[in-house]
Amino acid sequence: LTPTLSPTPTNTPNNDSKSVLDFKYPNSIIISRNGNETVYESTDDPKKITDWYKDKIKSMNMNVTTFVQTNTNNNILNKLVGADGNQEVRVEISKQSNNPAVKIVVISK
């Protein structure tokens, strides 16, 4: 007689339910990962990247709770915070005027 194994429920808390990789901008590379913080880099336009993250947060049924755009002498700093009651995601998009690369920092809690 072979025992029948029933599947084990997977309701254990899983911080990867919305993985940080879910928040990887398509045209970016991972620069570093440290715990719940991931840093990406892209050469796309910062506005395009910011719009992608806004749409991404909304598509995950999160509300964009904070959105700040700053552009001083072509130095760009955009910050978004999305939350759904269970998880919070913070995205910081920055570009220095003398650097073609856009830095994207994603913190998922």
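Which residues does Ile49 touch, not counting residues up to four places away in sequence?

1. **Ile49.** This is a predicted model. In it, Ile49 touches Tyr25, Ser42, Asp44, Ile93, Val102 and Ile104, leaving aside residues up to four places away in sequence.

2. **The core.** The largest nonpolar core has 15 residues. Ile49 is one of those that touch the most other members, together with Phe23, Tyr53, Val91, Ile93, Ile104 and Val106. Helix 1, strand 5 (88–95) and strand 6 (102–108) each supply at least two residues of this core. In soluble globular proteins, nonpolar side chains tend to be buried together.

3. Six strands make an open sheet with antiparallel pairing, in the order 1-2-6-5-4-3. Strand 1 and strand 3 (63–72) are at the edges with a single partner strand each, so one side of each has no neighbour in the sheet. On average, neighbouring strands are turned by 15° against each other, direction ignored.

4. **Helix on sheet.** Helix 1 packs on the sheet and touches strand 2 (37–42), strand 3, strand 4, strand 5 and strand 6. Its direction makes about 5° with that of strand 4.

5. **Strands 3 and 4.** These two pair in the antiparallel sense over nine bridges. Val68 stands opposite Lys79 in strand 4.

6. **Aromatic rings.** The whole structure holds three aromatic pairs. Tyr25 and Trp52 form an edge-to-face pair, 5.5 Å centre to centre with 90° between the planes. Tyr25 lies in the segment before strand 1 (29–34) and Trp52 in helix 1 (residues 46–59), so the pair ties together parts 27 residues apart in sequence. Tyr25 is buried at 3% relative accessibility; Trp52 is partly exposed at 24%. Tyr25, Trp52 and Tyr53 form one aromatic cluster.

Terms used:
Residues numbered from 1 in each chain as written. Predicted model: local features only at pLDDT ≥ 70, side-chain atom pairs only at ≥ 80, totals over all residues. Heavy atoms only, no water. Phe/Tyr/Trp six-rings, centres within 6.5 Å; stacked < 30°, edge-to-face > 60°. Helix = DSSP H or I, 4+ residues; strand = E, 2+ residues; numbered from the N terminus. Buried < 20%, exposed > 50% of the residue type's maximum accessible area, 1.4 Å probe, protein only. Core = buried A, V, L, I, M, F, W, Y, C linked by side-chain atoms within 4.5 Å. Contact = heavy atoms within 4.5 Å. Pairing = 2+ DSSP bridges. Axes fitted to C-alpha atoms, helices over the stretch in contact; angles between N-to-C directions.
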